[in-house]
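Hi there,

Here is the structure I promised to pass on.

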Amino acid sequence: ESDKETNQVLFANAEGEIIPKASITHDVEATVFDWHPVERVLAIGWADGMVSCWTIDVRIRPTSSFSNSSQHTSTISVLKWNPMGKRLVTGDQKGTVCVWAVDSRGSLNPIRQYKRKGEISTLIFCLMPIRLPSEALGQKGAAGSAVVNKAEPSSVKVSYSPSFFFGTDKGSIIYADDLGHCTDVQQLNSPIDVMMFFEEKSRLIIITRAFLLNQYHVAEDGKVSRVSQVKLSVPPDILEKGIKSIAWAGPGLLAAATEEKIVRLFDLAADETYNLSLVGALGDIVDKKDKVTCVSFSAIDRYLAVGTQAGLVAIWKFMAQPRDLSKATTAEVLATSAMDWEIIFRYNLQSCILQLSWHGGRGTVAAVTHEDGTFILNESIMHAAMSGDVTVIQVSSVEVSLHIALSDPILINTKIQIKSLAVGRSCFVVSSGKVAKIYRVDLQLQKYEALETINTNSIAMAIADLTSLIEETWFVAEANVVKINNFRGTQKGLVSFSEAEGVPEFLDINGKFLAIVSSKGCIKIIDVHTPTKHKQQGSAGQFFNPKSAVNAENLKIRQVRVNCTGTRVAILADQIGGAMKVFHPDSHLYIYDRNKGVIVSYDFLSWKRSPVSVFWDDTDDRMICCEALRNRQTVTDTVKSKPMAPSADDKGSEVDPATAARNAAAVDADAENEVEVFLFFATSEHGIFMQDSFPRKFPNGPMISLSVPRLYFRSAVSNKRQSDDEAEGGGAAPANSSTAVKIYSRVMRDFVGMDDVNETAKSALLDFSFNLTLGKLDEAYRSVKAIDSPGIWENMAQMCVKTKRLDVAEVCLGNMGHVRGAAAVREAKKDFEKDPTNGSLDVVVGVLAIQLGLLDDAARIFREVGRYDMLNRLFQAAGMWEKAIGTATNQDRIHLKTTHYQYAKHLESIGRTDEAIEHYQLSKRMLFHLVRSS
């Protein structure tokens, strides 16, 4: 942050607190600065032409490592590090551009200088290997203006650096590099306000003061050729100022603030444009005269932050999946739309927002206002964890709700900003990244005791008590070690990581086994039963494999869990895609097998989902559970993949494209639940096998634990939009009362009716479920033959829906005495044998699912095999008329009139005559019913 009144550069932490004794002062104000892409180094350009570099230590103490005022004689207007941090390029208001090289001491040396007329207004690196032809390798560029610094020291080794383009307020576009090549490539008729590089398509993007959006293809030899030129429609208020805030909002997608009530998005990859409406997203809290002033995008969170003149900060999240930009033409690229964005946050700072900037980590954005300086907005992730009878759920940035044996909750104000949470059988710990606070829990008296705060700069923690270990222990990762401390913070031991192994970032404990995973994918499993004499189990494993897609360039680990015997570690990760390195949830569940030293995985892509959380059972080392989020598809994709062909009965009628899109989106949203819960068995011998899956439905919210035979969920957070009063006062804060948080449980399918069993029976039922999952029906039956329960056969029949074993299903229906179900399955099999082209045996499995009451599974099966006629009939029989009408409208149009007719009869039977008449009209059978009713 630059303070113009005192000519200081100030530093603030993530909580918005100015760090004392950490300012940088000069005689004039700082005009531009840029952080080094790798090191803790800040480069600053000043109004008097000085360029300086400052090294920032871990205590945020700046130390000057370089300053130079001889290369520039006017205000520095642009300053940018190259992606590798080996070069710094600066430009000033008199048209001088200087290229600086970093030497071995971290100091800068000017190696090239170029001069042009006018102010240097923009600069961007061309992130592609450009090879100039041999005739262009002289000391002069095409314009004859390259200047070589003769004082360049021989010690500076010129390594490869991307070439760059810079623009002037005179409309000149210049290509240059650090080897002395400098060429004017275009001369435009108005000043250049925006210059960006579209790496996936090798395009230079230019927006001029005349509001012309130009796209130029950049060839390997540095030559540019115009691809397109579009005149932007903008309000007259900014004709003189130009567009000052524009950002990449994803690969090939630009977001611009044009001082309107909308955010304009330019999908350059698909040659489409659309808007995000402030009024549509925020409602009445938007003032009539308000307008968007700035935008900023976080590639890690996929958040687009928008600031307005009245002080509103709104944040949208991009929800769709990454798209393939390698297509030859824009027509082949899937276009994004406004429906791919979801509003997740709003806050009123009540002062004009001049600039927004995202922190390099997750969920922190700085907002610079006109009157009140800089505000830091932090995202508070509501953590929750459960261990035995102790459950702790975060309900605000500083409060947690403590549930002991599922009793009435106790609200605790920790008085620290909670960034991480870990729970033990009778204890828990919270951390802010500065301090941690440990709590002991008395299970009998249902009380808690808060211990003294402990200084720590880590949020990677685990905690355990005497239930699993011989002494109370708090594990915390700091620097390159994991410290083993007691509850007072006294160190009792440590686990070290070498530089090659990386920095420990993730900790998880299950029973007496602690799993540690580092930044470089090193996996260590430690037996900590005796913390002071801990033992590593086997040699360290490795998650990343440079020879496969599982490497540090493509993936970033997000969550780690260890099983109760320390033999397997589950890992979830984010994919890092494209030139912008945008994070998207990876579709795989990865499991490291310590006994084999290998990584196995399960891909949720076939389910069109991505895992978001994972849990091991606390007693069975095979059972693992995942929550998987539905992959959003754009409406454009939905409409393209499901063309609206009218039926023979609908000749002459056409479906409005907008209506078709809305219907398709509505059907897709209803057809698949947002979150599905998957249960698996994972073993060294058989890998990963799915045991069951079911949709997570309201009031169940995010899962917090798996403890066979139950799965535990916290209550769902309402998506209801906050009131205007709440928005006026601040933001979407979580509920501040622990009574708003509840814990729900669900019994596993194979334990329905038998959830309250002893350990012997539980083990037998788990073996039954395991063998059933593997298709070993004889072993499954032997596992439970001593248990007298009619539910066993029903569970086996339900499993046959997953395994598609119709032969076994018929035996189960017979033992259940389910005569109607057995007859329906036999009839469906006969229909298939008569006409095998009409679907597949999966249709018979769908019929079986209906007979067993598994309507969600039946709907999914009919959808997968394309039998939308049966899906339509299923919705009708279940009374889901809106889904039936939607399915008929979009996929089963041949039965659309029949569906309207059946719905009309249903409405008539329940006395809703006016609505019945409407649907009789749509069914084209109105005349008959008018006569009948008369």
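Strand 46 and strand 47 (residues 522-527) run antiparallel and are joined by five bridges; two strands count as paired here if DSSP finds at least two bridges between them. Within that pairing, Leu514 has Ile526 of strand 47 as its bridge partner. Three residues lie between the strands of this hairpin, and Gly521 takes a positive phi near 85 degrees there.

Before I go on, a word on where this comes from: the model is predicted, so local features need pLDDT of at least 70 and side-chain atom pairs count only at pLDDT 80 or more, while totals for chains, interfaces and linings use all residues. Residues are numbered from 1 along each chain as its sequence is written, and side-chain values use heavy atoms, with hydrogens and water left out. Helices (H or I, at least four residues) and strands (E, at least two) are DSSP runs numbered from the N terminus.

Back to strand 46. Asn510 stands opposite Phe513 of strand 46. The hairpin of strand 45 and strand 46 has two residues between the strands, and Gly511 takes a positive phi near 65 degrees in it. Is strand 46 buried or exposed? Six of the six residues of strand 46 (residues 513-518) are buried, so the strand is largely enclosed by the rest of the structure. Buried means under 20% relative accessible area, exposed means over 50%, and partly exposed is in between (1.4 Å probe, protein chains only). Phe513, Ala515 and Val517 point one way from the strand, while Leu514, Ile516 and Ser518 point the other way, and all are buried.

For the overall picture, the protein has 16 helices and 61 strands. Of its 934 residues, 52% are buried. Among contacts between residues at least 6 apart in sequence, 50% join residues at least 24 apart, where contact means heavy atoms within 4.5 Å.

Strand 21 is joined to strand 22 (residues 253-257) by four bridges, and the two run antiparallel. Ile246 stands opposite Ala256 in strand 22.

Now to the helices. Two packed helices are described by the angle between their axes and the distance between the axes. Axes here are lines fitted to C-alpha atoms, for helices over the stretch in contact, and angles run from 0 to 180 degrees between N-to-C directions.

Helix 10 and helix 11 have axes that come within 8 Å and cross at roughly 160 degrees. The two are therefore roughly antiparallel to each other; angles under 35 degrees count as roughly parallel, over 145 as roughly antiparallel, 65 to 115 as roughly perpendicular and the rest as oblique. Residues that meet include Val843, Val847 and Ile850 in helix 10 and Leu855, Ile861 and Phe862 in helix 11. By class, this contact has nine nonpolar, one polar and two charged residues. Ala, Val, Leu, Ile, Met, Phe, Trp, Tyr, Cys and Pro count as nonpolar, Asp, Glu, Lys and Arg as charged, and the others, Gly among them, as polar.

Helix 12 (residues 868-877) has seven of its ten residues buried, so it is largely enclosed by the rest of the structure. Those buried residues pack against helix 10 (841-851), helix 11 (855-864), helix 13 and helix 14. Just after helix 12, Gly879 takes a positive phi of about 80 degrees. In helix 13 (residues 881-890), eight of the ten residues are buried, so this helix too is largely enclosed by the rest of the structure. Among them are Trp881, Ile885 and Asn890.

Lastly, the axes of helix 14 (residues 896-909) and helix 15 (residues 913-922) come within 8 Å and cross at roughly 160 degrees. That makes helix 14 roughly antiparallel to helix 15. Tyr901 and Leu907 of helix 14 and His919 and Tyr920 of helix 15 are among the residues that make the contact. Its residues divide into seven nonpolar, two polar and four charged.
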